[in-house]
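Me: Here is a structure to go through together. Please take the questions in turn and keep the answers brisk.
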Amino acid sequence: MSCNISMMKFLNHILCLSLVLSISMTTLSFAQTCSKYKFSSNNVFDSCNDLPFLDSFLHYTYDSSTGSLHIAYRHTKVTSGKWVAWAVNPTSTGMVGAQAIVAYPQSDGSVRVYTSPIRSYQTSLQEGDLSFNVSGLSATYENNEMVVLATLMLSKELGNGGTINTVWQDGSMSGNSPLAHPTSGNNVRSVSTLNLVSGVSAAAGGAGGSSKLRKRNIHGILNGVSWGIMMPIGAIIARYLRVAKSADPAWFYIHVFCQASAYIIGVAGWATGLKLGGDSPGIQFSTHRAIGIALFSLATVQVFAMFLRPKPEHKHRLYWNIYHHTIGYTVIILGVVNVFKGLDILSPKKQWRNSYIGIIVALAIVAALLEAFTWYVVIKRRKLEESSKTAQHGATNGGRSQYA
């Protein structure tokens with residue numbers, strides 16, 4: 001009995017420790033640096049904004065009486081073989097419909113800069129006229145920094161109190177042809193709204209980010225918690241808590257509750273993933289999607305298999321156990337792998353990846369400690385049982401010898 005109580009206390013302490021390690025959230029702020037920048041051409045602008053992603057900055061002067069917007073878009077850390085773009089989208093907050101200015105350094109040291117209207121996700125950034133007039137277009141490239149200068153006439157585009165939707169990007173070149181930009185991480189976050197009168201800039205869709213980005217974050221959190229954390233914890237409960245005889249049958253119901261909750265949350269995350277895929281034509285993450293579908297399918301089969309579970313003494317129970325454990329551990333492995341695939345796609349701050357790695361390492365340490373403790377309890381229990389049997393056998397033989 002004392003071994004059972006010790007086992008339960010040890011498990012509770014370890015699981016509480018892993019839960020504490022799993023709670024890690026940090027927030028970083030960006031420092032305003034664009035106001036200290038001095039242009040080599042002695043250009044001076046009334047306002048500037050540090051753009052939150054892709055090492056970019058926007059300097060501008062806006063004349064509300066004429067709708068004229070004089071801009072300097074700076075993109076730092078630009079290596080040769082890369083293109084950059086900044087755009088105004090008069091119709092929406094996304095990529096399609098954006099009226100872009102594209103620039104890239106050429107092999108001869110010059111810079112090509114031109115305008116390109118974005119009509120689809122499959123754009124190759126072909127040169128073309130924008131929906132508004134652009135003048136004074138030029139660009140310079142020095143010390144891995146691209147600076148694009150232009151004057152935009154936006155009188156018709158400003159129908160919301162001087163607020164415009166902006167998009168900025170970068171990508172690789174193939175010769176003199178721009179390739180598609182990455183479809184993950186900061187490259188899908190680089191959208192914002194800018195009020196040219198007040199100078200207030202915010203992520204498109206509000207301070208909390210665009211609705212699509214919120215959906216991505218919700219999708220990631222739901223799947224990370226369910227497939228990536230709750231499923232492994234449920235397996236740990238089933239494998240190690242059952243060793244304590246006093247925990248029978250409580251361990252089973254805790255295990256079922258944990259895995260059922262993980263499945264329900266995971267299905268919700270899976271559904272948000274399907275919705276995101278439907279809302280993002282031309283953007284596909286085939287491996288992540290395939291693993292997600294496999295996870296949902298295997299977990300669903302596992303749930304329904306519970307209704308066919310034979311009794312412990314049934315002759316087919318051994319085969320059911322093999323099936324149940326194989327599918328269960330496969331789901332856990334695929335779940336953890338797909339969480340890391342999702343982190344690669346979202347490219348969040350390093351704290352998120354490090355936190356999840358910390359959780360997985362903590363759970364692995366928990367499993368290793370409990371595995372060792374479980375074998376200790378089992379071996380000790382067997383020795384006690386063998387000693388008891390030996391004592392009973394000796395007592396029986398002694399009783400018989402008295403009457404021999």
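Reply: UniProt positions follow the numbering used here, feature names are shortened, and annotations may be inferred rather than shown by experiment. This is a predicted model, where local features need pLDDT of at least 70, side-chain atom pairs count only at pLDDT 80 or more, and totals for chains, interfaces and linings use all residues. Residues are numbered from 1 along each chain as its sequence is written, and side-chain values use heavy atoms, with hydrogens and water left out.

Me: Where does UniProt place the feature "binding site"?
Reply: The feature comes from an unreviewed UniProt entry.

Me: Is H219 buried or exposed?
Reply: H219 is found in helix α2 (residues 211–240); helices are DSSP runs of H or I with at least four residues, strands are runs of E with at least two, and both are numbered from the N terminus. Buried means under 20% relative accessible area, exposed over 50%, and partly exposed in between, with a 1.4 Å probe and protein chains only. H219 has a relative accessible area of 16%, so it is buried.

Me: Why is strand β4 largely enclosed by the rest of the structure?
Reply: Strand β4 covers residues 82–89. It is joined to strand β9 (residues 163–174) by eight bridges and to strand β5 (residues 99–105) by five; strands pair if DSSP finds at least two bridges between them. Both pairings run antiparallel. β4 is largely enclosed because its buried residues number seven of the eight.

Me: Which residue in β5 is the bridge partner of A87?
Reply: A87 has its partner in β5, whereas V88 stands opposite T166 in β9. The partner of A87 is A100.

Me: How many residues apart in sequence are D55 and K77?
Reply: Their side chains meet in a salt bridge (3.7 Å, N to O), that is, a side-chain nitrogen of Lys or Arg within 4 Å of a carboxyl oxygen of Asp or Glu. D55 lies in the loop between β1 and β2, and K77 in the loop between β3 and β4. D55 is partly exposed at 36%, whereas K77 is exposed at 64%. The pair ties together parts whose separation is 22 residues.

Me: R74 and E145 meet in a salt bridge; how many residues apart are they?
Reply: The N to O distance is 3.2 Å. R74 is buried at 5%, and E145 is buried at 14%. R74 sits in strand β3 and E145 in strand β8 (residues 145–153), and their separation is 71 residues.
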